[in-house]
Amino acid sequence: MINKYFSICSWSFLFLFLSCNSQNIETAILSVIDMKVVSFFSLMTLQEKIGQLNQYSVGEEMTGPNQDNEDSKKRYQQLINGDVGSVLNLLGAENTRLLQEQVINNTRLKIPLIFAYDVIHGYKTIFPIPLGESCSWDLDIIEKTAKIAAKEAAASGVQWTFAPMVDISRDARWGRVMEGAGEDPFLGSKIADARIKGFQGNSLDEPFTIAACAKHFAGYGFVESGKDYNIVNVGKNTLMNVILPPFKQAANSNVATFMNAFNDIDGTPASANNFILRDLLKRDWNFDGVVVSDWNSIGEMVNHRTAKNLRSAAEQALIAGCDIDMEATAYVDHLDSLVKDNPDLLIHVDEAVKRVLKLKFELGLFEDPFRYCNIELEKETVGAKEHFELAEKAALNSIVLLKNSKNVLPLIEKKKIAVIGPLANDGDTPLGNWRGKGEQNSATSLVEGMKMVLKNNSINYTKGCELSIGNNNFFQELKINKTDRNGFKEAIELAKSSDVVVMALGEPAYMSGEGRSRADIGLPGLQLELLKEVYAVNKNIVLVLMNGRPMTLTWENEHIPAIIETWHLGSRAGIAIAKVLAGVHNPSGKLTMSFPKHVGQLPIYYNHKNTGRPTSGPNQVFYSHHTDIDNNPLYPFGYGLSYTSFDYSDITLSNDSLDFNSSIEASVDVTNTGGVDGAEIVQMYITDHFASVTLPNIELKGFKKIYLRKGETQTVSFVVDSDLLRFYNDSNNFISEAGSFSLKISTSSSTGDMKSFELYQ
Ligand code: NOJ
């Protein structure tokens, strides 16, 4: 049969070759795949087609049936019957080869499986959590870490990652903010593009590339009150202008797949949402890849109560354009009878199957189903030394210096340093949630890093308190220690006898991520109390934060002289942090999510709208505010300090007007006016003063990361044209409107003077 199939393909290719000329060779190559798909597809029965739309999670045992488990036996049988098209969570060159062999050897058409896995911030070598890494604003590093993650995953038999998560998130209570790139659609789109390029390379043909997946389509970052899996109510203006841009970018960047989401959007579950899946994604954006459901999200439509039963959920999701059913068994159990009852549905099945086949051809699986199954290669590749070097570089660039009064930092050598805190000697927390095959406790802890980097100091460590009780893992609810203060005394004594105290506090790895929403986003457990008691005896404190989300740090900011945000920095966390503490590396990260002063301010984000009541007269209450706190965040988007200082001068516009066919250049001189070399992230924000719909007060529209030696000046320029000023209007048209604008180029979203310009018709 395979031979017959290949001969059909050869004819198709010959036909195509003869009918194409050299200019459209690229189109011709794509068409070859399309022709192969059509040829192959014509051989398939309905049951074989449905199998391709069914995806299961299988564990290590799934290379054979587990004798004691009925479900496992059933799944194994389905796998070797061809009733499964792709699997997730089976890893390793050997395991994937074994299962692939069984599928190839037992099924009529020998269609290879795709092996998928959540490779979120590294496979074995763990890079900073995506939110942390986004604070580098360094697209080159971001692309490289995704590339290495893909390389390691591919060498372990994986061909598809469920990343990047491109959900815009404005509410730090939501646990999954750690997986994204923060609150801004412009930056989020650039980062989405970099991650996709990193995973997929220029083409899935290239060695060690894997298919990426833009998720969660759409609106998942806007779950009400930041509570995971909650409902989503957004209007079309926010949907089109804030939530969707990174997804649209992903489609433009040729991401191979999209994943839909658990939530509903304004009354319609994302998994069966005709508007976003069919009208936008597949029609308007011309996306010709695969849409996979989220885990059982088709099944969950029964809980949303928009589907009476799984059969109806399957029908709705299929019609809406969801190609693969992950884990709900809705398609494998019901599509056959649905199509028999209503043959019109076959057209949707066929479309979905062709998309899946196309992906398999693009991945080269038909040519070599064992493409990535090589044990020797796996050993050489996974966890290679140079990957860890990149992990350190990414970590260094992700650190954000939040406060440094009295120049406490960097720490000058030959000091007596106390290192205190439940996360200080913890080699697990820096790996964060969703750490792939990153081994438990395998990160360099802060204490280890400090002992390596700050060798000439005396470094003494005590824990101070436990943060959590019992086991921490992906599946269990975390229990936080709220009562055991046994370590306090020793910590206080140590602090008393030290020159400086480095306190490592924050959230353990499994306090953020899926299912880890929090109502209180302050330091959990007894940590703030410990910090206050240490502060009472030694005010010379450097607070090193390790956490997966923005936190409320009002007391900390008021009292602690130096604060650095290190997120969950990955395999080389401790060394990177120690290099920043020691001044070996000058921090340059800038926040990509605002930090609130109080949880009641959430959602908080820099690109908010003016409202009809932005301010009021003195002593009046009738304007948009909370009566007990101002409207500003504690640390805004784009904020982050350095050990040096940067001066912005001579902000100029090449012209004070442009039209729809011209552009202007905005430039600024940035000078390193401090005592050390350093990198600066130069940001351009634009305000559209009047528009037909309400728009944010300012929006990021450009950024550049530059490196300046002390005393050096560089001119940084941005091109502004009418395309950059576009937004979705009330009719969902992506337009720019003539009128008044202003822009600023500055070091953060909250500083800088505006310059005006006009866009003429
Ligand atoms: C559920 C998560 O929402 C999704 O992001 C992930 O890719 C799937 N589980 C598969 O693990």
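Visitor: How many residue pairs are in polar contact between domain 1 and domain 2?

Guide: A polar contact is a pair of N or O atoms within 3.5 Å; within protein, one must be able to donate a hydrogen and the other to accept it, and residues adjacent in sequence count only if both atoms are side-chain atoms. Between domain 1 and domain 2 there are four such residue pairs, both residues at pLDDT 80 or more. This is a predicted model, where local features need pLDDT of at least 70 and side-chain atom pairs count only at pLDDT 80 or more, while totals for chains, interfaces and linings use all residues. Residues are numbered from 1 along each chain as its sequence is written, and side-chain values use heavy atoms, leaving out hydrogens and water.

Visitor: Where are the two domains?

Guide: Domain bounds come from an automatic or database assignment. Here domain 1 spans 394-600 and domain 2 spans 646-760. Their centres, taken over C-alpha atoms, are 35 Å apart.

Visitor: Which side chains meet in a salt bridge?

Guide: A salt bridge puts a side-chain nitrogen of Lys or Arg within 4 Å of a carboxyl oxygen of Asp or Glu. Glu-680 and Lys-590 form one, at 3.2 Å from N to O. The count between domain 1 and domain 2 is one salt bridge.

Visitor: What volume does the largest cavity have?

Guide: Rolling a probe the size of a water molecule over the atoms shows where empty space is left. A cavity is a set of points, on a 1 Å grid over the protein atoms alone, where a 1.4 Å probe fits but cannot get out; lining residues have an atom within 4 Å of a point. Grid points are joined across faces, edges and corners, and a volume is the space filled by probe spheres set on the points. The largest cavity has about 90 Å³. It is lined by 13 residues, of which Ile-120, His-121, Glu-133, Thr-145 and Ala-146 lie nearest its centre.

Definitions and conventions. On a 1 Å grid over the protein atoms alone, a cavity is a set of points where a 1.4 Å probe fits but cannot get out, and a pocket is an open set with protein on both sides within 12 Å along at least five of seven lines; lining residues have an atom within 4 Å of a point.
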